[in-house]
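Have a look at the picture before reading on.

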Amino acid sequence: MNGIVVLAFVTFVAFAPWQIRSEEQRLLVNMTLVQNASSLGALCLDGSLPAYHLHRGFGAGANNWLLQFEGGGWCNDIESCLERAKTRRGSTRYMTKLEVFSGILSNNASLNPDFYNWNRVKIRYCDGASFTGDAVFDNGTSLLYFKGQKIWEAIILDLLPQGLGMAHKALLSGCSAGGLATFHHCDNFTKYLPENASVKCLSDAGFFLDARDIALNHTMRFFFKSLVSLQGVEPNLNRNCTSSLFFPDLCFFPQYSLQYISTPYFILNSAYDVFQFRHILVPPSADPMGHWSHCKQNPEACITSQLNILQGFRHYMLATLRPFYIYSRRGGMFINSCFAHCQSESQDTWFGSDSPRINDKTIAQAVGDWYFSRNISKEIDCAYPCDTTCKNLIP
């Protein structure tokens, strides 16, 4: 059943189309539960049915599909997963039934010029492992379903007869943990669609780095390692990647799996991604005295030594992306220097008069140029603080 759509408008004043912002117009799309998911073993952490939101395309976009993985972090042990199962991050029972579609999901041509009339789907996130797990925890008193891989498969199977199976063009995208999910499902997505379809993938703020923190510990590496083990993720990682590494769980990191993805790919990321700054480079465990607290809240408060470390983090990200930048003929990039996390779902950052830009190109324009092969689209920003278009993104 198609999602019910509710449009909310305020009184229109004499704005030019590019001045209309998400506050003036909101597209709300109803949730669809995947009714046969339980028979496929596809359940959220708490056993509830998985869900998505679908807004139908029209006109020239009626046969094109954009799927967007929702983000929302991860859980890597029983305690955190049990807590997560009681929230919207682990159960559709606690999720909002109406979701705002904005940015890349907008149906307004002036706000989303390349994808506004496509079928647009937001895939809700309730498994805690970027849609890659396949395990169950049951100790007699607590029961958790780690079934992200099955959720992905069930939602695709639900959408195929609704037109996805006959798609002419398709884009699999996602933000944060959802952006990470696109790395793991990109090539698989292609296999579901017609051979002559144009299928591509986009990760927004999903290029999480295997980097040491300021205390020189591999905090994120050990976090992902425990997640992969707990949720039974390894069999669902790229097999070419896992067979090439001594520690196959490292393939959960995009920097190791990217080279094995054959589908055209676009990487949208900030070189100073706020989540990575606060949880990979300077996690609380590495800064017990809070020396970085002011810098983490406001980059202008960073002292010289802290800025040097931040510039080193940016340099490391660009170094890991260098082979992709040089050798990927069908790939695209937009690596800006804004302190941001997720930039495709918000209208302010996706496409607006004061949106972030590199070489005077917005994120929406860069992604559109790449998808439709209008132009080479590999944009890398200068280092902080040179980008004056980031004024609205300081956390």
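A residue is called buried when its relative accessible area is under 20%. By that cut-off, buried residues make up 57% of the 395 residues in this protein. Keep in mind that you're looking at a predicted model.

So what is the chain folded into? Its secondary structure comes to 11 helices and 15 strands. A compact globule of 395 residues would have a radius of gyration near 21 Å, and the protein's 20 Å agrees with that. Among contacts with a separation of 6 or more, 73% join residues 24 or more positions apart.

Here are some whole-protein values side by side:

| Property | Value |
|---|---|
| Span of the C-alpha trace along the principal axes | about 60 × 55 × 40 Å |
| Accessible surface | about 16,500 Å² |
| Share of that surface from carbon and sulfur atoms | 54% |
| Distance between the mean positions of the 32 positive and 32 negative charges | 4 Å |

Now zoom in on helix 7, residues 274–281. Which of its residues are buried? They are Val274, Gln276, Phe277, Ile280 and Leu281. The cover over these buried residues includes helix 4 (219–230), strand 11 (265–270), helix 8 (293–297) and helix 9 (304–327).

What caps the N-terminal end of helix 7? That's Asp273, with a side-chain oxygen 3.0 Å from the backbone nitrogen of Phe275.

Conventions. Residues are numbered from 1 along each chain as its sequence is written. This is a predicted model: local features need pLDDT of at least 70, side-chain atom pairs count only at pLDDT 80 or more; totals for chains, interfaces and linings use all residues. Side-chain values use heavy atoms; hydrogens and water are left out. Helices (H or I, at least four residues) and strands (E, at least two) are DSSP runs, numbered from the N terminus. The radius of gyration is taken over C-alpha atoms; the globule rule is 2.2 Å times the number of residues to the power 0.38. Buried means under 20% relative accessible area, exposed over 50%, partly exposed in between (1.4 Å probe, protein chains only). Contact means heavy atoms within 4.5 Å. Accessible areas come from the Shrake-Rupley method with a 1.4 Å probe; for residues, only the protein chains shown count as cover. Lys and Arg count as positive and Asp and Glu as negative; His and the chain ends are not counted. The place of a charge is taken as NZ of Lys, CZ of Arg, CG of Asp or CD of Glu. A polar contact is a pair of N or O atoms within 3.5 Å; within protein, one must be able to donate a hydrogen and the other to accept it, and residues adjacent in sequence count only if both atoms are side-chain atoms.
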